[in-house]
Structure formats: structure tokens, C-alpha cells
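Here's a quick tour of one chain, written for someone who would rather look at contacts than read a methods section. Have the viewer open and follow along.

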Amino acid sequence: DFDSKVPAVLNHLVRVGRGEGTDREEDRLCQLPSLPAGTNTAEGVVMRPNDSSKSAVYKGSRVVSMVKHKHEKFGEIEEIDKPRGDEPPAILVARVFDACLTPNRVRAVRSKITEEEAKDPEGRILSDLVSDVLEAFWTDAPREYQDAYAKLSEEEISGLESDLNKKAVKLLRTLLQ
């Protein structure tokens, strides 16, 4: 838990145009306000190698290793209870989908699209949100939940994805009204 260093990094000289149709520019200080200690919690830490030539190639794309650690306040997945007894695979998968469908995930998805795209919340935001939840399932869910998915029929998968869409629409309508 520490305060973000972003305002200090961004408080530097930037080039600002003087008006439409001119090539003249001036240097101007872009000063972000200081915030009281403890009120600007950093979202997390990302570590990557300085030398991207050390990356690997996976399925034809260059992959750079990185480690990410998010502050729990900004987490995009709620805690997932361990499976209880002989629960049906569909229940297990639905539990993870529900845990991944959070207000923080909506904010993260929303931050990556334009204002124009955001005007239709059930368009791009919904599509990206559902894709992000499905990706989180495969990257963040415990193995036993991923194994449960493999046991599902096509009909069960379709039903779970339909339920996920409905819940995502409901969450979007609640948060973006």
C-alpha cells in the first residue's frame, strides 16, 4: 500500500500547440495537484525486463515476461470459494464468472475505450467486459474450476455464457446510468 508516483512523473514540460492551423508551439509546465498522503493509492506494480530482446515467441507473437500485482482495492476478481463436495461443473464455472464480473472490471474495460464507443454501453463495453471475464477465467481461476469447464456440454456452455451476458448487462446498467 503506497501512494502513486504518477503525478510526480507527469509533472514535466510538455509541448502545447497555440492554435489551429499553426506550427508554433511553446513549452508549458503541466502541473498536477498534490494529493494528501494516503489518498492516491497506487493501483499496483508491474515489473518487466528492460531489454525486450529477451522476450520469447509464442504462436507467432513476441511475448515479454511481466509480473503484475494489483492492490486489493483495485482487484477485478472477488475471492472464489473452494469447491464443496460434488457440485455440478456448471455451478463451479458460474461461480467464477460471477466472481470476475465486478465493478472494478467494468471500470478497467471502460477505461480502454473511447467516449464514442462508451455511448452504447451494451455494445463495445458489454462485448469487451464479457471477453475480459472469459479471459480472466482461463488466467486467474483455480485449476479445478477450469477442469470443470472441460466437463460441460455445449448446451451448458451456451447457457452459462447467456447468463454471463445477462448479468453483465445488469451490472452495466447499474453502474453506467
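Which residues does Gln146 touch, not counting residues up to four places away in sequence? They are Phe137, Trp138, Thr139 and Ala141. Keep in mind that this is a predicted model, and the contacts come from its atoms. Gln146 itself lies in helix α6. Its relative accessible area is 12%, so Gln146 counts as buried, the cut-off being under 20%.

**The overall layout**

Stepping back, the chain has 7 helices and 6 strands. Starting at the N terminus, the order of elements is α-β-β-β-β-β-β-α-α-α-α-α-α. There are 177 residues in the chain, and buried ones make up 26% of them. If you take the contacts between residues at least 6 apart in sequence, 60% join residues at least 24 apart.

**Helix α2 and its two partners**

Two packed helices are described by the angle between their axes and the distance between the axes.

| Helix pair | Axes come within | Crossing angle | Handedness of crossing |
|---|---|---|---|
| α2 (residues 89-100) and α6 (residues 143-150) | 8 Å | roughly 125° | left-handed |
| α2 and α7 (residues 154-175) | 11 Å | roughly 25° | right-handed |

Take α6 to begin with. With the α2 and α6 axes crossing at roughly 125°, the two helices are oblique to each other. On the α2 side, the residues in this contact are Pro89, Leu92, Val93, Arg95 and Val96, and they meet Tyr145, Ala148 and Tyr149 in α6. Sorted by class, the residues of this contact come out as 7 nonpolar, no polar and 1 charged.

Now for α7. The axes of α2 and α7 cross at roughly 25°, and that makes α2 roughly parallel to α7, since angles under 35 degrees count that way. From α2, Ala90, Val93, Ala94, Phe97 and Asp98 take part, meeting Glu156, Leu160, Leu164 and Lys167 in α7.

**Two more residues to look at**

Is Asn104 buried or exposed? It is buried, because its relative accessible area is 17% and the cut-off is under 20%. You'll find Asn104 in helix α3, which covers residues 103-110. The side chain of Asn104 also makes a polar contact with the side chain of Arg107, at 2.7 Å.

Ser131 sits in helix α5, residues 121-140. With a relative accessibility of 43%, Ser131 counts as partly exposed. How far apart are the C-alpha atoms of Ser131 and Val109? They are separated by 9.9 Å, with the two residues 22 apart along the chain.

Conventions
Residues numbered from 1 in each chain as written. Predicted model: local features only at pLDDT ≥ 70, side-chain atom pairs only at ≥ 80, totals over all residues. Heavy atoms only, no water. Axes fitted to C-alpha atoms, helices over the stretch in contact; angles between N-to-C directions. Helix = DSSP H or I, 4+ residues; strand = E, 2+ residues; numbered from the N terminus. Parallel < 35°, antiparallel > 145°, perpendicular 65-115°, else oblique. Left-handed = near helix turned anticlockwise from the far one by under 90°. Contact = heavy atoms within 4.5 Å. Nonpolar A, V, L, I, M, F, W, Y, C, P; charged D, E, K, R; others polar. Buried < 20%, exposed > 50% of the residue type's maximum accessible area, 1.4 Å probe, protein only. Polar contact = N/O pair within 3.5 Å; in protein donor to acceptor, adjacent residues only side chain to side chain.
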